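Here are my notes after going through the model. Have it open beside you while you read, and take the points in any order you like.

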Amino acid sequence: MRRCKFCGDEAYVVMRSPKMALCRVHYREFVERKIERVIHRYKMLKEGDRLLVAVSGGKDALATALALKNLGYEFECLHINLGIGEHSQLSENISREQCEKLGIKLHILNLRELVGAGIGEVRTRRAPCSYCGMTKRYLMNKFAVDNGFNVIATGHNLDDETAFLMGNLLHWNLNYLSRQGPMLSESDKMARRIKPLYELTNEDIENYVRLFDVPYVHERCPYSAGAKSILYGKVLKEVEDKSPGTKLNFVKGFLKNRELFPSEDIVLKECRVCGMPSLGEVCSFCRFWNLNKPLNLKVNIVHDDS
Ligand code: SF4
Ligand code: ZN
Ligand code: ZN
């Protein structure tokens, strides 16, 4: 039987990178310390921030909420029901259950109620994922701005980041590369976006949430099949299995050499419909969903300023 490196109790996890075995108590400490270090290293949070955690019902968002709560951060959660049949209903139900168990306030937005259709229900040539990503980012940010949150935490992890990075490098998406990383700074009407799980793999996170008796959605979204990021993830897993630590070195090396991908100075306008930052006269959200007046996502929230 493998024993914990720190206390000699029975090991709960045997890790390959770093190479060590840890019991339940020390594994939880290891993960939460790692998250805390990432938050500090990238200066993700500061005094007075108002934090919103995006929860999807999946393990990554759950781990983000669990760890931030265990580390003593104050925040509220937001779930977006994307209108993808049973999958979305299950995701909403589980998000409610998770937040209730953790004692965290949850806000829910329903895409179909807001714009009249869910993801996959619009006549368009665009693949669901391409407008779903844009839609989620817009709604999260608009909800944050309308309700006085200046930071949004998402559950993107090391596997997601390395798969995006690989895809962006393979296609030389310089624009995306210049914006990729653990944090996107805030600006006018744009909340700061942070990824506290930036240095944790899927496996690390699965082992972490297993420590707590909180359910999560295991099934993938039906539109995820065939996504290129899944293929890149498989390739990277193979490399990581043969050479543990490669994924972390990949993102760390990228961040060190980020100046190779300078961001363009883009002057954003105000969307004529919703007033949010936009590249064109009308933002991609209002254009895609054919809006002629802004969504009002304001809910009754009392922020504690003490
Ligand atoms: Fe949206 Fe695509 Fe993710 Fe499904 S897989 S939630 S459609 S981005
Ligand atoms: Zn131990
Ligand atoms: Zn708009």
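1. Let's begin with strand S4. Of its 7 residues, 7 are buried, so the strand is largely enclosed by the rest of the structure. Phe-75, Cys-77, His-79 and Asn-81 point one way from S4, while Glu-76, Leu-78 and Ile-80 point the other way, and all are buried. "Buried" here means under 20% relative accessible area, "exposed" over 50% and "partly exposed" in between, using a 1.4 Å probe and protein chains only. Helices (H or I, at least four residues) and strands (E, at least two) are DSSP runs, numbered from the N terminus.

2. Some housekeeping. This is a predicted model, in which local features need pLDDT of at least 70 and side-chain atom pairs count only at pLDDT 80 or more, while totals for chains, interfaces and linings use all residues. Residues are numbered from 1 along each chain as its sequence is written, chains are lettered from A and ligands numbered from 1 in the order in which they are written, and side-chain values use heavy atoms, with hydrogens and water left out.

3. Now the sheet around S4. It is an open sheet of 6 strands in the order S5-S4-S3-S6-S8-S7, with mixed pairing; two strands pair if DSSP finds at least two bridges between them. The edges are S5 (106–110) and S7 (183–184), each pairing on one side only. S4 (residues 75–81) runs parallel to S3 (residues 51–54), with 4 bridges between them. Along that pair, Val-53 sits opposite Cys-77, and Leu-52 opposite Glu-76.

4. Contact means heavy atoms within 4.5 Å.

5. Which residues have the most contacts inside the largest nonpolar core? They are Tyr-27, Leu-51, Val-53, Phe-75, Cys-77 and Tyr-208, in a core of 52 residues. H2 gives the most to this core, with 7 residues. Apart from it lies another core, of 36 residues, including Leu-78, Met-134, Phe-143 and Phe-288. (A nonpolar core is a set of buried Ala, Val, Leu, Ile, Met, Phe, Trp, Tyr and Cys residues joined through side-chain atoms within 4.5 Å.) Leaving aside neighbours within four places in sequence, the contacts of Val-53 include Thr-64, Ala-65, Leu-68 and Ala-153.

6. Helix H8 (residues 202–209) has Asp-204, Ile-205, Asn-207, Tyr-208 and Val-209 as its buried residues. Their cover includes S1, H1 and H2.

7. On to the metals, starting with the zinc ion (ligand 2). Its protein donors are Cys-4 (SG), Cys-7 (SG), Cys-23 (SG) and His-26 (ND1), 2.1 to 2.3 Å away. Donors are N, O and S atoms within 2.8 Å of the metal (3.2 Å for Na, K and Ca); water is not among the atoms, so sites may look incomplete. Angles of 100 to 115° among the 4 donor atoms make this site tetrahedral; for four donors, that label needs all angles between 85 and 135 degrees. Cys-4 lies in the segment before S1 (13–16) and His-26 in H1 (residues 24–41), so the pair ties together parts 22 residues apart in sequence. Cys-4 and His-26 are both buried.

8. The zinc ion (ligand 3) has Cys-271 (SG), Cys-274 (SG), Cys-283 (SG) and Cys-286 (SG) as protein donors, at 2.2 to 2.4 Å. The 4 donor atoms subtend angles of 103 to 115°, which makes the arrangement tetrahedral. In sequence, these donor residues are spaced C-x2-C-x8-C-x2-C.

9. Finally, some backbone details to check. A cis peptide bond joins Ser-17 and Pro-18, with omega about -5°. Lys-43, in the loop between H1 and S3, has a positive phi near 50° without being a glycine, and counts as exposed at 65% relative accessibility.

Methods: Four donors count as tetrahedral if all angles lie between 85 and 135 degrees; four count as square planar and six as octahedral if opposite donors are over 155 degrees apart and all others between 65 and 115; anything else is irregular.
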